[in-house]
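Thanks for coming, everyone. Please bring the structure up on your screens, and I will talk you through a few places in it.

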Amino acid sequence: MLQSRALMKTTASKKLFEAAQKLMPGGVNSPVRAFKAVGIQPPFITRAKGARLYDADGNAFVDYVMSWGPMILGHAPAPVIKAIARAAARGTSYGAPTALEVTLAKMIVEAFPSMERIRLVSSGTEAVMSAIRVARAYTGRDAILKFDGCYHGHADSMLVKAGSGVATLGIPDSPGIPADLARHTLTAPYNDVGSLERLLEAHRGNLACVIVEPVAGNMGVVPPRPEFLSRLRQLTNHYGIVLIFDEVITGFRVDYGGAQSRYGIVPDLTCLGKIIGGGLPVGVYGGLHKIMRLIAPEGPVYQAGTLSGNPLAVTAGIETLKLLKKPGLYRQLEERGRLLSHGLTEAAREAGVAVTFNRVGSMMTTFFTPGPVTDYASAKKSDTEAYARFFRSMLEQGVYLAPSQFEGVFLSTSHTTADIAKTVKAARTAFKKSKG
Ligand SMILES: *Cc1c(COP(=O)(O)O)cnc(C)c1O
């Protein structure tokens, strides 16, 4: 134990974390980065390339966080970095329209035919917040429905039974959100068609929209039951409720055209982020023209952004999408995903640890519970202490997983079969250590 710890140096990161905590809440700019749920201090990262992260102490890790999803091509892909550098030389922001925005918008609309009109913003949070605003304006209704354990960014209305960092830290509802606002957000269990039917019937006429992660990624990865999304589509059509797919993770991840392409369900509005910015800050919302035409200046719903559509982020997005069009790319990601989950399943079985693997393509979670994990309640049955022990052992062996049970593992096209073999080998030790 002591020996394996000694392999990983932490002096420089510890010093940086100490300084950071005197300057930023918890020493970080986004909560889960502080590693609280896994009981150690976070490494401070100095650079990244391909599937590798390097920290201030000179440690190298095989990265499965991939900046929480955006880096599907691996870190610092040469064509994207070159294009960003060329764009930067021409100026980083104009606050005026560019041809680049037209190019990216066209690529998005082609990939997501349900998005007849789109608007670029700077984060997933902003995309969701704006989509909800336009859904409320379009229907003239206030109430919205989200699912327990789904995370849709940190806008006030969405921090009710949210997943991700909120789940990790066990904050039920964030303080600072007026009760008058939160009461308009209804919640239902994920994958539960019965409760959905009852809620929509009971609140018919009040609901502006239902927002869903079509593959949940923020309570750990939870795939939709086959009938869940199709019934959701039928019911929202029936009651005239706007259906919003939050594809901030799944867009260009589970398929080029996202979960809506993978499962063949067409939402009214879609939110994108993460991959679409190629590692720079971009979000997108869009959908049916009859709804999106309400956005200013075409319509009265106000939404704006100083850096929206800035040439650097848009260039990174365009170059990333171009590379994602390579034939066979999603098949290869699927294959690598299968290889990794198969290896981890075997390693857990050998170690005699009861876990549940959920995977959709290149996103997956190892839940430390016999399962099945189909919603937030079953995800929360996981042994988070066992996960923390597993996580720490993996990190010491050079594998960087999400520092929380309630997040996904993300593969990139840079993860080789050798990386996966190394990961599975480390997991054999780590599953044993997870038993405490
Ligand atoms: C990450 C995420 C968001 C928020 O995006 P930010 O860019 O972090 O604001 C919204 N929805 C989902 C599904 C996400 O995973």
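F35 has a relative accessibility of 1%, and because buried means under 20%, F35 counts as buried. Please keep in mind throughout that this is a predicted model.

What does a search of the whole structure find in the way of aromatic pairs? It finds 14 of them, and in one of these the ring centres of F35 and Y400 are 6.0 Å apart with the planes at 50°, so that this pair is tilted. The two residues are 365 residues apart in the chain, with F35 in the loop between α2 and β1 and Y400 in strand β13. Y400 is buried as well, at a relative accessible area of 11%, and ring pairs join F35 and Y400 with F61 and F391 into a cluster.

A second pair is formed by F147 and Y190, whose centres lie 6.1 Å apart and whose planes stand at 90°, so this one is edge-to-face. F147 belongs to strand β5 and Y190 to the loop between β6 and α8, so the pair ties together parts that are 43 residues apart in sequence. F147 is buried with a relative accessible area of 0%, and Y190 is buried with 1%.

Strand β5 brings us to the open sheet of 7 strands, which has mixed pairing and runs in the order β4-β10-β9-β8-β7-β5-β6. β4 and β6 stand at the edges, each with a single partner strand, so one side of each has no neighbour in the sheet. Within this sheet, β7 and β8 pair in the parallel sense over 4 bridges, and C209 stands opposite V242 in β8.

Definitions and conventions:
Residues numbered from 1 in each chain as written. Predicted model: local features only at pLDDT ≥ 70, side-chain atom pairs only at ≥ 80, totals over all residues. Heavy atoms only, no water. Pairing = 2+ DSSP bridges. Phe/Tyr/Trp six-rings, centres within 6.5 Å; stacked < 30°, edge-to-face > 60°. Buried < 20%, exposed > 50% of the residue type's maximum accessible area, 1.4 Å probe, protein only.
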